Amino acid sequence: MDQDLWAVLPDGERDQWEYVSGQVLGPLHFGMSWTDCIAAMAGHGFSDVSDGTEAGWRVAEFRKPEPYSWQPAVRCYFDVVDRDRVLEYVLVDGRTGPQVTCEGIRLIGRVPSVLAQEMEAHAVAYETGIRFSYGGDVFCDGFEMEPGTQRAGDSVVTWAFFFNAGKDHSNARDGAPPAIWQHR
């Protein structure tokens with residue numbers, strides 16, 4: 001068995017992205033076109049773009065070159081029904097994706113309980129609400145993202161999907177591409 005199947009990139013080997021809730025995620029911004037998304041990711045060394053559709057969504061998968069080229073690091077979702085076909089959701093993989101920081105909290109490739117503690121401390125410090133993902137993971141109200149967990153050998157690490165919720169977080173969650181909820 002290939003032991004790299006469960007390899008998790010150390011933070012020092014990941015791209016470092018900042019996230020401004022619902023607006024900017026590293027080189028990406030919500031509402032950008034398919035073409036601009038491809039160019040932005042290529043400009044940051046991501047390759048092997050897969051162009052496909054999943055249940056009403058146009059999907060682009062981005063990978064970094066070796067040694068982890070088998071695993072998509074970032075998946076971008078564009079609604080095929082929307083004439084403008086703009087970026088609506090971004091999923092960042094927990095094993096191979098960039099490290100994403102929001103409000104000083106690192107979100108990707110983390111031990112879930114440690115991330116939950118940091119989210120809770122942030123919510124208390126800034127008097128925001130706490131929410132729970134479908135999988136029971138904790139995140140702060142207003143972050144316009146939801147974390148999840150994926151297996152990394154005999155442990156788990158966090159991944160996350162990001163979006164622009166507009167006025168109603170639940171609409172963004174409920175409208176998310178179904179494949180997001182099966183991310184492993």
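In which loop is Glu127 found? Glu127 is found in the loop between helix H2 (112-125) and strand E10 (130-132); helices (H or I, at least four residues) and strands (E, at least two) are DSSP runs, numbered from the N terminus.

## Basis of the report

The structure is a predicted model, in which local features need pLDDT of at least 70 and side-chain atom pairs count only at pLDDT 80 or more, while totals for chains, interfaces and linings use all residues. Residues are numbered from 1 along each chain as its sequence is written, and side-chain values use heavy atoms, with hydrogens and water left out.

## Loop residues with positive phi

Glu127 has a phi near 50 degrees, a positive value in a residue other than glycine. With a relative accessible area of 75%, Glu127 is exposed; the term means over 50% relative accessible area, whereas buried means under 20% and partly exposed lies in between (1.4 Å probe, protein chains only).

Glu103 also has a positive phi, near 55 degrees. This residue belongs to the loop between strand E8 (99-102) and strand E9 (105-106), and Glu103 is exposed at a relative accessible area of 55%. Most residues other than glycine have a negative phi.

## Strand E13 and its partners

Strand E13 (residues 155-163) is mostly covered, with 7 of its 9 residues buried. Strand E12 (residues 145-152) runs antiparallel to E13 and is joined to it by 8 bridges; two strands count as paired if DSSP finds at least two bridges between them. Within this pairing, Pro147 has Ala160 of E13 as its bridge partner. E12 and E13 form a hairpin with 2 residues between them, and Gly153 in the turn has a positive phi of about 70 degrees.

E13 also pairs with E7, in the antiparallel sense and over 4 bridges. Here Tyr89 stands opposite Phe163 in E13.

## Aromatic rings

The whole structure holds 7 aromatic pairs. Rings of Phe, Tyr and Trp (its six-membered ring) pair if their centres lie within 6.5 Å; planes under 30 degrees apart count as stacked, over 60 as edge-to-face and the rest as tilted. The rings of Tyr89 and Phe161 have centres 6.0 Å apart and planes at 45 degrees, so this pair is tilted. Tyr89 lies in strand E7 (residues 87-92) and Phe161 in strand E13, and the pair links parts of the chain 72 residues apart. Both Tyr89 and Phe161 are buried.

The pair of Phe161 and Phe163 is tilted too, because the ring centres are 5.3 Å apart and the planes stand at 40 degrees. Both of these residues, Phe161 and Phe163, are buried. Trp57, Tyr89, Phe161 and Phe163 form one aromatic cluster.

## Nonpolar cores

The largest nonpolar core has 36 residues; such a core is a set of buried Ala, Val, Leu, Ile, Met, Phe, Trp, Tyr and Cys residues joined through side-chain atoms within 4.5 Å. Those with the most contacts inside this core are Leu28, Cys76, Leu107, Met119 and Phe162. A second, separate core of 11 residues includes Tyr77, Tyr89, Phe161 and Ile180.

Leaving aside neighbours within four places in sequence, Leu107 is in contact (heavy atoms within 4.5 Å) with Gln99, Val100, Cys102, Leu115, Met119, Met145, Thr158 and Phe162.

## Charged side chains

The count of salt bridges comes to 7; a salt bridge is a side-chain nitrogen of Lys or Arg within 4 Å of a carboxyl oxygen of Asp or Glu. In one of them, Arg75 and Glu61 have their closest N and O atoms 2.9 Å apart. Arg75 lies in strand E6 and Glu61 in strand E5, so the pair ties together parts that are 14 residues apart in sequence. Both Arg75 and Glu61 are buried. Salt bridges that share partners join Asp11, Arg14 and Arg106 into one network. Asp11 and Arg14 meet at 3.7 Å, N to O; Asp11 is partly exposed at 25% relative accessibility, whereas Arg14 is buried, at 5%.

Asp15 and Lys64 form another salt bridge, with the closest N and O atoms 3.2 Å apart. Asp15 lies in the segment before strand E1 (16-20) and Lys64 in the loop between strand E5 (57-63) and strand E6 (74-79), so the pair ties together parts 49 residues apart in sequence. Lys64 is partly exposed, with a relative accessible area of 22%. Lys64 also lies over the face of Phe46, at 4.6 Å from the ring centre; a charge sits over a ring if NZ of Lys or CZ of Arg is within 6 Å of the ring centre and within 35 degrees of the ring normal. Arg58 lies over the face of Trp34, at 3.7 Å from the ring centre.
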